[in-house]
Amino acid sequence: MYLVELGVKWAMHPFLHNQFELDTASIRKIRDLGITRVKVDPRRGRGAADGGSAKEAEPPPRRASKAKGDGDGRRWARQLTQEARSAVRDLVRDARAGRALRMQDIDEISEELSVALYEHPDAMLAFGRIRSRDQYTYQHSVNVGVLLMAFARYLRMPEPHVRALGSAGIVHDIGKTLLPDAIIAKPGPLTPEEYQQVKDHPWRGAELLRQTPGATSLAVRIAEQHHERIDGTGYPYGLSGRELSIETRMAAIVDVYDAVTAIRSYHRGRPPTEGLRIIASEAGQALDATLIRRFVRCVGIYPPGSLVRLSTGKLAVVLEAHKRAADKPRVRVVYDISAERMIDPPPILDLSQGHPAHRIERAEDPASWALPPERFL
Ligand SMILES: [Fe+2]
């Protein structure tokens, strides 16, 4: 059953969209909101019937018990991130099937992510790094949107521009989704011809967006130029220096950072500190040095979701960064290295609040310890 009208504005309900496939969990949430009447379209969604028209459905009434933003903000941030990924996957599938990309829906996702990022920045940045085996491109796309919005806010860009950058980030790799599955999912090295096709994804994405109603020139530019580098070594056109706008330079930094720091349970990801070191090594050559310094201050040297070793011989997961004390975040202490045991329950320490014995010694690779940080966020 496909819901087409909930009867309340998006700000008043916890769903990513006003229209979506109904399942047991969403019906329960609708009941919890106290909504007693919704409109469904039997022609849409899984198991859709042929023919028919939109009709009213009545979920059993129950009083609202919670609203968006209340209760566990971290859980909401995690759920929103997952819903955004699924929604982007569905939109892109539609586009691959030859239907027009619904930019309005992308803008709506961007808007909702921008609210969540405003209310729970650390949770959004932490959950954004977590990847599953499949759907890498969609997860990366959503997170580039989130990171671009965080970066734009840090640079005090106007809010409408922040959200426009969010949408642009979400569709920046849309050209990649047009590649044959055989190339996208190929486990081994690509042939020169296949590699050339991959290198064509920026201009192919830009072409698609130029034909998409509602796609901004900013989105077209970022799709087309996010692999360009200021020293002219990028592709597809080898643009350089002032030919690249500040937004394009930001997108290049965010794209590389997200690709190298993603937490992948199936693959050795790099700690964020290593990701920052990689982009810093490109500073002033391929990537903009001033913007890199600002980006490092924006995400912090130990971004949320990082695994760190404390001077007490314990491992901790970073929950929240402090902008004024970048090396003293709020952490959850999860593992005692010398005792070789998990700490249960894992205490939360705010290192900025007078815990001199608990300095961070260094970032650790979660894969080395088989400790996925997402378990402790
Ligand atoms: Fe790309």
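Two residues are in contact here if their C-beta atoms, placed from the backbone, lie within 7 Å. Keep that one in your head, folks.

A word on where this comes from. This is a predicted model, in which local features need pLDDT of at least 70, side-chain atom pairs count only at pLDDT 80 or more, and totals for chains, interfaces and linings use all residues. Residues are numbered from 1 along each chain as its sequence is written.

Okay, the overview. The protein has 14 helices and 12 strands. Those are DSSP runs numbered from the N terminus, with helices being H or I of at least four residues and strands being E of at least two. Of the 377 residues, 39% count as buried. Buried means 20 or more other C-beta atoms within 10 Å of a residue's own; exposed means 12 or fewer, and partly exposed is in between. If you take contacts between residues at least 6 apart in sequence, 63% of them join residues at least 24 apart.

Now, helices. Two packed helices are described by the angle between their axes and the distance between the axes. Look at α2, residues 73-96, and α3, residues 103-119: their axes come within 10 Å and cross at roughly 165 degrees. That makes α2 roughly antiparallel to α3, a label for angles over 145 degrees. An axis is a line fitted to C-alpha atoms over the stretch in contact, and the angle runs from 0 to 180 degrees between N-to-C directions. The crossing of α2 and α3 is left-handed, so the near helix is turned anticlockwise from the far one by less than a right angle.

Next pair: α4, residues 121-128, and α5, residues 136-154. Their axes also come within 10 Å, crossing at roughly 145 degrees, and this crossing is left-handed too. Pro-121, Met-124, Leu-125 and Gly-128 in α4 meet Asn-143, Val-146 and Ala-150 in α5. By class, that gives 5 nonpolar, 2 polar and no charged residues.

On to the strands, which pair if DSSP finds at least two bridges between them. Strand β9, residues 330-336, pairs with β8, residues 314-320, in the antiparallel sense over 6 bridges. Tyr-335 has Met-342 in β10 as its bridge partner.

Most residues other than glycine have a negative phi, and most peptide bonds are trans. In the hairpin of β9 and β10, with 4 residues between the strands, Glu-340 takes a positive phi near 50 degrees. Is Glu-340 buried or exposed? Exposed, with 7 other C-beta atoms within 10 Å. Arg-156 has a positive phi as well, near 60 degrees, and sits in the loop between α5 and α6. As for cis peptide bonds, one runs from Tyr-235 to Pro-236, with omega near 10 degrees, and another joins Asp-344 and Pro-345, with omega about 0 degrees. Pro-345 is in the loop between β10 and β11.

Definitions and conventions
Angles under 35 degrees count as roughly parallel, over 145 as roughly antiparallel, 65 to 115 as roughly perpendicular and the rest as oblique. Ala, Val, Leu, Ile, Met, Phe, Trp, Tyr, Cys and Pro count as nonpolar, Asp, Glu, Lys and Arg as charged, and the others, Gly among them, as polar.
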